[in-house]
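Please look over the sequence and the model shown here, and then read the points below, which are grouped by topic.

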Amino acid sequence: MKTSDSPETGIPARVLRYETMAYGLFLHWGLYSVQAEGEWYRHHHRIPQEAYAKLMDRFTAEAFDAVALADFAVSAGFRYICLTTRHHDGFSLYDTRGLNDYDAPHSPAGRDLVAEFVEACGARGLGIFFYHTTLDWWDPRFDADWDAYQQYLRDSVRILCTEYGKVDGLWFDGNWARRDRDWQEDALYGMIRELQPDAVLINNSSIGNLGAVGHPMLDAVTFEQGLPARKAPGGRYVAKEMCETFNSHWGVAAKDYSLKGPPQLIETLASCRGAGANLLLNVGPLADGSLSAYERAALQVVGEWIQRCAPCLYEGRPVDAVCRGRDFVLDDGEHLYAFVHNVPIRKNMHLSGAERGDGLQTVEGTLPEIRRVSWVDNDETLDHWQDPAKAMLVFRATPNPYGSQRVVRVARMERG
Ligand code: GLC
């Protein structure tokens, strides 16, 4: 893992480190989880504040076990977790230390849930990211006294930057709600830089504005539910991150059955890495703080795929090479890796029907001499040829040994 600023590029070490974190777990959890109709529940139904605040009486967090959660995240291949410390409804999972009583310690949970989260992640080496809303439906100053609201926002974020040890990133969301306002970003980010010099700064540009480069102090651009483009946004260097829902909501939505499955999640993760971006994949814990059985199981499968088939995706950076279709090449410094989609399957016509292709894969671009190509998942050697100028490499993707293999498959290309 890189620990110092890159001398050639001047890219800050925190950004390089963040890029190798590669795969993050996003957790949207708050009062809205009690209702299980998504995190915009209050807004969609125009629920008055007093009625909405009653959800607090049922927010017990009785099954929120930060240690078990962190263990699960590590086993599923995540390298960081981003937790909604406060969402648009204004309710904080952390102790607001007198700023208001609208926080987890004043609910039946009676605990500082952010403190538990931080301790568990820190002990397991998981990156600690705090989502914090900037849009606020609860605090009247948001509409009535902008400067006072901005001060309240900074005071809130100051707590997160001073009371929980080292933080790896701050993830803001909501500026898109009032594009005409002065969000006083210099002051907010300046304060964070002083208190947490190694924290990556992110501010979601929103679903309608994917990959937009914002304030000069921000370290990364976001792609909300949209695949990142490989091309750099232009201008100064920024990291890229796609944030993606598990179904179509961020907070738990009990009747949303549009749940994704492992193949889609694996291919999204692969595509993000092919574009040089992180994937921040969301699940909405249930009201009690536990994860749904289905989501846990699906994430475990993805984690197993990473471990067995593509551990290179953490350190691997995209190589400038032209491949077939959505295929791409990563370089982790030691080897190159070709990510191959739709590997032909011809092993058993009774199982998988007549599948296309002779398996020949072409990689065009200036590559080092490659002495061996093999599948990562079973170490089978694949035939390969390189032209004398090393501007093209061809290898034969063999069928899966037992039938179908329809998710992206990874071939290791060892330097000669
Ligand atoms: C959008 C939504 C918000 C969610 C965020 C996550 O901005 O308003 O509910 O937290 O996306 O990316």
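In this predicted model, a polar side-chain atom of Glu-224 lies 3.0 Å from an oxygen atom of the ligand, a polar contact being a pair of N or O atoms within 3.5 Å. The protein buries 95% of the 310 Å² that the ligand exposes when taken alone, with accessible areas coming from the Shrake-Rupley method with a 1.4 Å probe. Because the model is predicted, local features need pLDDT of at least 70 and side-chain atom pairs count only at pLDDT 80 or more, whereas totals for chains, interfaces and linings use all residues. Residues are numbered from 1 along each chain as its sequence is written, and side-chain values use heavy atoms, with hydrogens and water left out.

**Around the ligand**

- The side chain of His-28 has an N or O atom 2.5 Å from an oxygen atom of the ligand, and for the side chain of Asp-173 the corresponding distance to a ligand oxygen atom is 3.0 Å.
- There are 13 residues around the ligand, of which His-28, Glu-39, Trp-40, His-87 and Asp-173 come nearest; a residue counts as near if one of its heavy atoms lies within 4 Å.

**The cavity**

- One cavity of 30 Å³ or more is found in a search of the whole structure, where a cavity is a set of points on a 1 Å grid over the protein atoms alone at which a 1.4 Å probe fits but cannot get out.
- The largest cavity holds about 50 Å³ of space, a volume being the space filled by probe spheres set on the grid points.
- Residues lining the largest cavity, which have an atom within 4 Å of a point, include Cys-323, Arg-324, Phe-339 and Thr-362.
- Strand E11 (335-340) and strand E12 (360-364) are the elements that give two or more residues to this lining, strands being DSSP runs (E) of at least two residues.

**The whole protein**

- Along its principal axes, the C-alpha trace spans about 70 × 50 × 40 Å.

How values were computed
Polar contact = N/O pair within 3.5 Å; in protein donor to acceptor, adjacent residues only side chain to side chain. 1 Å grid on protein atoms, 1.4 Å probe; cavity = no way out; pocket = protein on both sides within 12 Å on 5 of 7 lines; lining within 4 Å. Helix = DSSP H or I, 4+ residues; strand = E, 2+ residues; numbered from the N terminus.
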